[in-house]
Amino acid sequence: MKRTIINLALIFLLGCSEEKSSEQFLRIDISEKFSIDLSSVGLSSMRDYPIAQSKEKLNLFFIFNAFSRTIDSLLIDEAYSKVTNGIEIPSEGPNGVESFNYFIPYENQFIFLEKNIVYLPDSGDLRKVNFSKFPLLMDENLEFISRGSSLADGFDFFDYKKSTIYLIFESFSNNRKKLVSYDISKNAVDLINLELVNEMEKHILTYNNTGIKAENPHKPILKVEDDFLIISYPFTNKFHIYDLKEKKQKDFEPKSELFKSEKSIPDHNLDYSSFTNYLEISNAWQDDIKFGAFFKLGSSLFYRIVRGSIINSNHKTYIEVFDLNFNKIGESDLSIIQPDLGAIFLPIGSKIFVKAKSQSNEDILNYYMISLD
Amino acid sequence: MSKKKMKKIILTLGLLALTFAAFPCEGTWIACGAQDIQDMVIDAMSNCGPGSQFVIVDLCDGNPDGQHHEVHVLFESNP
């Protein structure tokens, strides 16, 4: 049975806009719980996997099944969903991909990303491009692709129109991060002048050993849209829009009546007595409020999911809704409507697929669909 | 020392050097609990080469939304 709530969402305005009212209604529907049987492909509903969305068919998702090393497909439909075994990704040989963190569909094949390597489809084969060989990146000591959360919840690095990859690279030695573009046809990289938030330094928790360091997942989240990039962060409400045509950056800081604007800044004077002590502090930081990736919803909206702080194993789940100019037009506490919402929220046209929190059988994936009017 | 013996020693040393050269590690690793993560990092220090980058996800910490704690590990490329 559909549960419907008309939510009075408090809207605040980005400061100077005079025409907008201070209150607007968000009408949110969350469906009944649906299920898909995953047993035919061996995926588990209790694990998260690298996932990518088809550009042609929005309700089709590709999932890397690490167990069988296949890219399986998941077709989501309210009435009929199915999962299908896909092509195997060899780890060795001329088209082998030993390991990868992210992938996206491209020309009936896939592009794969590893720490500083991209595997590109090329006349039926895979071409390996090692970014560490580009003098521009070597000169800047940009050694690694900056990885966001292990949960690939929105990391989107490819401009299909221009066949260009956008990535944030980082340096081991000084935490410096730079936005980099890679033009596939020209096989050329370029640096993009993007200014990231100053607060990032305060949120980096590092455990250092000689030549090795462990960090909390503080990295920026990158999302490629048609002619612009969205860069947001897991620790703050702030985000940037980078206009690729104008080559200009615009900064946003949407306020909320429902949740705080930033994770608490960790105490950097702590002397970690052990690595496990460091992990405790890093985990506490991760349990604080977390801002998710931006997604386009239908043709006229963007949304972002904000997970409230985890306290006594409970947390709230909020949604922020933006217009195409990134003015915030509404926000709502989704957990009031349905407390069983998990951590994955993927757009399917004008609806949002949400993995359910409760997954009692690993062969069965439970999920909900959210609609916004 | 004969030329033949010298050649053999050089080949043996070369083979040993290849055997002990650690390659960079990468990917997403699964752990269960803080102690397991620590053990993985200690193992990586022995077995992974410069330029390694990997993420360890703790599947046993049971976050209520299904998302787990993680730690990102990086090795300097040219220490």
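**Entry 1: loops with positive phi.** I began at A:Ser163, which lies in the loop between β13 and β14 (164-170) of chain A. For the element names, helices (H or I, at least four residues) and strands (E, at least two) are DSSP runs, numbered from the N terminus. Phi of A:Ser163 is near 50°, a positive value in a residue other than glycine.

A note to myself on the ground rules: this is a predicted model, in which local features need pLDDT of at least 70 and side-chain atom pairs count only at pLDDT 80 or more, while totals for chains, interfaces and linings use all residues. Residues are numbered from 1 along each chain as its sequence is written, chains are lettered from A and ligands numbered from 1 in the order in which they are written, and side-chain values use heavy atoms, with hydrogens and water left out.

Next I turned to A:Asn108, in the loop between β8 and β9 (109-113) of chain A. Its phi is near 60°, again a positive value in a residue other than glycine. Is A:Asn108 buried or exposed? A:Asn108 counts as exposed, because its relative accessibility is 84%. The cut-offs I used are under 20% relative accessible area for buried and over 50% for exposed, with partly exposed in between (1.4 Å probe, protein chains only).

Entry 2: I looked up A:Ser185 in the loop between β15 (177-183) and β16 (188-192). A:Ser185 is exposed, with a relative accessible area of 65%. I also took its C-alpha separation from A:Lys162, 23 residues apart along the chain, and got 9.2 Å.

A:Glu246 sits in the loop between β21 (239-243) and β22 (248-252), and is exposed at 51% relative accessible area.

For contrast I picked a strand residue, A:Ser332 in β26 (residues 328-333). A:Ser332 is buried, with a relative accessible area of 2%. A:Tyr318 is 14 residues from A:Ser332 in sequence and 5.5 Å from it in space, C-alpha to C-alpha.

**Entry 3: chain B and its helix.** I read chain B along the sequence as α-β-α-β-β, with two helices and three strands. Buried residues make up 39% of its 79 residues. Among contacts (heavy atoms within 4.5 Å) in chain B between residues at least 6 apart in sequence, 56% join residues at least 24 apart.

Then I followed α2 (residues 34-47) of chain B, which has 14 residues and reaches 20 Å from its first C-alpha to its last, close to the 20 Å expected at 1.5 Å a residue. That expected span is 1.5 Å times one less than the number of residues. Which residues of α2(B) are buried? They are B:Ile37, B:Gln38, B:Met40, B:Val41 and B:Ala44. Seen down the axis, the buried residues of α2(B) fall within an arc of 160°, so they line one face of the helix; the arc is that of the directions from the helix axis to the C-beta atoms. On the other side of α2(B), B:Ser46 and B:Asn47 are exposed.

What covers the buried residues of α2(B) includes α3 (275-287) of chain A, along with β1 (26-31), β2 (53-58) and β3 (70-75) of chain B.

**Entry 4: the partner helix.** So to speak, I crossed over to α3(A), with 13 residues and a reach of 18 Å from first C-alpha to last, close to the 18 Å expected at 1.5 Å a residue. Its buried residues include A:Phe275, A:Tyr278, A:Leu279 and A:Trp285. The buried residues of α3(A) pack against α2 (200-203), β17 (206-209), β18 (212-215) and β24 (301-307) of chain A, together with α2 and β3 of chain B.

**Entry 5: the largest pocket.** I left the pocket search for last. The largest pocket has a volume of about 720 Å³. Of the 32 residues that line this pocket, the closest to its centre are A:Gln53, A:Lys55, A:Asp156, A:Lys223 and A:Glu225. A pocket here is an open set of points on a 1 Å grid over the protein atoms alone, where a 1.4 Å probe fits, with protein on both sides within 12 Å along at least five of seven lines; lining residues have an atom within 4 Å of a point. The volume is the space filled by probe spheres set on the points, which are joined across faces, edges and corners.

Which strand gives the largest share of the lining? That is β8(A), with four residues. By class, the lining has 19 nonpolar, five polar and eight charged residues. In this count Ala, Val, Leu, Ile, Met, Phe, Trp, Tyr, Cys and Pro are nonpolar, Asp, Glu, Lys and Arg are charged, and the others, Gly among them, are polar.
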